Amino acid sequence: MPTRTYASASRTGWWRRGVQLPRGLRLLVIEGYRPHALQERYFASSMTRIARANPDWPTERVHTEAATYVSPPSVAPHVAGGAVDLTVCAVDGAELPMGTEVNATPPECDTACFTASGLIDARSRANRQTLIDAMTATGFVNYPSEWWHWSYGDRYWTFVTGPTHARYGPATLNPAQL
């Protein structure tokens with residue numbers, strides 16, 4: 001299965017949960033576990049970009065806007081290893097059209113990155129539905145503003161599914177486990 005980053009470090013265990021896709025399709029993992037330092041850089045970069053575009057905004061508003069697109073490190077699901085960003089591809093690794101690229105944000109694509117967006121074509125909608133069916137059948141939950149983001153056992157998963165606590169808290173990458 002093709003992967004891009006930190007995929008083997010994900011604690012979600014999606015590969016053991018029996019995610020089923022139609023014949024000829026595979027999951028393409030973009031990112032699973034994300035080290036805390038990397039999450040800090042992503043969030044700081046988002047804040048910088050937003051502050052530059054809106055120089056009159058107070059820091060609190062910049063923070064709130066940045067948190068719309070990138071989770072603050074203190075609550076980010078990827079640092080727990082409970083989230084995975086993925087898409088669907090053919091056996092040869094060619095990604096199926098999903099309406100936007102992974103990691104698209106509303107400033108770039110309006111709301112086409114939202115899982116249930118009405119701004120995407122029928123083929124992309126069908127491909128997203130294939131992903132939705134496969135992931136929800138094994139207990140994952142989707143973050144609705146990012147069609148590619150799926151959680152299992154992290155704080156967001158707990159919020160959606162109702163347990164009293166998350167299965168996974170912040171994790172530290174152990175290179176020996178890769």
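Ala66 is buried, its relative accessible area being 0% (buried means under 20%, exposed over 50% and partly exposed in between, with a 1.4 Å probe and protein chains only). This residue belongs to helix α2, where helices (H or I, at least four residues) and strands (E, at least two) are DSSP runs numbered from the N terminus. Setting aside neighbours within four places in sequence, Ala66 is in contact with Phe43, Ser46, Met47 and Ile50; contact here means heavy atoms within 4.5 Å. Ser45 lies 21 residues from Ala66 in sequence, and the C-alpha atoms of the two are 9.0 Å apart in space.

A word on the model itself. It is predicted, so local features need pLDDT of at least 70 and side-chain atom pairs count only at pLDDT 80 or more, while totals for chains, interfaces and linings use all residues. Residues are numbered from 1 along each chain as its sequence is written, and side-chain values use heavy atoms, with hydrogens and water left out.

Stepping back to the whole protein chain, there are 5 helices and 5 strands. Read from the N terminus, the elements go β-β-α-α-β-α-α-β-β-α. The chain has 178 residues, and 45% of them count as buried. Looking at contacts between residues at least 6 apart in sequence, 63% join residues at least 24 apart.

Next comes the inside. In soluble globular proteins, nonpolar side chains tend to be buried together. The largest nonpolar core holds 32 residues, and Leu27, Val84, Leu86, Leu131, Met135 and Trp150 have the most contacts inside it. Such a core is a set of buried Ala, Val, Leu, Ile, Met, Phe, Trp, Tyr and Cys residues joined through side-chain atoms within 4.5 Å. At least two residues of this core come from each of β2 (25-31), β3 (83-90) and α4 (122-136), and β2 gives the most, with 5 residues. Leu131 touches Leu27, Leu86, Val88, Met98, Trp147 and Trp150, leaving out residues up to four places away in sequence. A second, separate core has 6 residues, including Phe43, Met47, Val62 and Val70.

Then there is the open space. The largest pocket contains about 890 Å³. A pocket is an open set of points on a 1 Å grid over the protein atoms alone, where a 1.4 Å probe fits, with protein on both sides within 12 Å along at least five of seven lines; lining residues have an atom within 4 Å of a point. The lining of the largest pocket takes in 38 residues, with Gln39, Tyr69, Val70, Ser71 and Glu146 nearest the centre. Two or more lining residues come from each of α1 (36-53), α2 (59-69), α3 (106-109) and α5 (155-161). Helix α1 gives the most, with 6 residues.

Asn103, in the loop between β3 and α3, has a phi near 75°, a positive value in a residue other than glycine. Asn103 is partly exposed, at a relative accessible area of 45%. Asp110 sits in the loop between α3 and α4, and its phi is near 60°, again positive in a residue other than glycine. With 49% relative accessibility, Asp110 is partly exposed.

Notes: Points joined across faces, edges and corners; volume = space filled by probe spheres on them.
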